[in-house]
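Please look through the sequence and the structure below. The paragraphs after them go through a few places one by one.

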Amino acid sequence: MVESKSGYPYVEGEYGIPFKDLAPNTRGIVRGGSGRSLHYNIGSSSIEIEDEEFSGYGLFAVANRNIFKASVFTRRYMTGERHPDFFARRFLIFAYEYFIVKGYKIDRVSTFWPLSGSKFHSVNYEQYLEMLKKGVNPENAAKATWAGRLAGELGFTEVESIVKYKSEGLEAVFKKPDQT
């Protein structure tokens with residue numbers, strides 16, 4: 001059974017992912033609450049969920065040593081249609097807590113924001129650029145994004161680094177104030 005303190009929403013016939021029915025260190029296909037087929041791969045240090053029918057939807061998280069990395073794609077690229085089983089905020093909190101329960105001592109959150117206009121464009125990247133246009137410094141712009149605010153809620157209130165990759169996007173790493 002894959003669980004965390006806060007859980008993940010699941011209502012059969014409506015929405016969500018039945019994580020409580022999935023065993024750690026397994027992979028397979030499960031029906032989401034909406035009835036859609038979801039491919040899952042759950043390890044002790046990673047969680048991957050993808051829609052079997054529609055590419056572009058996915059929830060991914062990994063704990064690598066002390067770093068929590070995650071990517072969420074809950075909306076279709078062209079239409080903006082939201083996936084009925086995927087909840088970005090709830091997944092990120094769920095995955096973070098899952099890794100803590102597994103014994104990881106996470107002191108960094110690493111986020112990657114693909115460039116606007118790419119197939120996997122990022123709302124965070126767009127928010128970051130908008131803040132920069134308003135004259136906000138890069139660190140505060142990163143904190144003001146959706147991912148930055150969520151990282152802050154989890155206690156990762158400082159920006160350790162911001163790295164722009166030429167044609168791919170930007171990586172922002174958040175840390176707890178007491179981490180060096």
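**A loop residue and its surroundings**

Apart from its neighbours within four places in sequence, Asp-107 is in contact (heavy atoms within 4.5 Å) with Asn-66, Phe-156, Phe-174, Lys-175, Lys-176 and Gln-179. This is a predicted model, in which local features need pLDDT of at least 70 and side-chain atom pairs count only at pLDDT 80 or more, while totals for chains, interfaces and linings use all residues. Residues are numbered from 1 along each chain as its sequence is written, and side-chain values use heavy atoms, with hydrogens and water left out.

Asp-107 lies in the loop between H1 and strand S8 (108–114); helices (H or I, at least four residues) and strands (E, at least two) are DSSP runs, numbered from the N terminus. Asp-107 counts as buried because its relative accessibility is 14%; buried means under 20% relative accessible area, exposed over 50% and partly exposed in between, with a 1.4 Å probe and protein chains only. Its side chain makes a polar contact of 2.5 Å with the side chain of Asn-66. Another polar contact, of 3.3 Å, joins the side chains of Asp-107 and Arg-108. A polar contact is a pair of N or O atoms within 3.5 Å; within protein, one must be able to donate a hydrogen and the other to accept it, and residues adjacent in sequence count only if both atoms are side-chain atoms.

Next comes a pair of helices. Helix H1 (residues 88–101) packs with helix H4 (residues 146–153) at an angle of about 40 degrees, their axes 12 Å apart. H1 is therefore oblique to H4, since angles under 35 degrees count as roughly parallel, over 145 as roughly antiparallel, 65 to 115 as roughly perpendicular and the rest as oblique. Axes are lines fitted to C-alpha atoms, for helices over the stretch in contact, and angles run from 0 to 180 degrees between N-to-C directions. Ala-88, Arg-89, Leu-92 and Ile-93 of H1 make the contact with Trp-146, Leu-150 and Glu-153 of H4.

Glu-168 sits in the loop between strand S9 (158–165) and strand S10 (169–175). With a relative accessible area of 51%, Glu-168 is exposed. Leaving aside neighbours within four places in sequence, Glu-168 is in contact with Phe-112, Trp-113, Pro-114 and Leu-115. Glu-168 and Leu-150 are 18 residues apart along the chain, and their C-alpha atoms are separated by 23 Å.

Backbone angles are the last topic. Most residues other than glycine have a negative phi. Asn-25, not a glycine, has a positive phi of about 60 degrees. Asn-25 is in the loop between strand S2 (15–16) and strand S3 (26–31).
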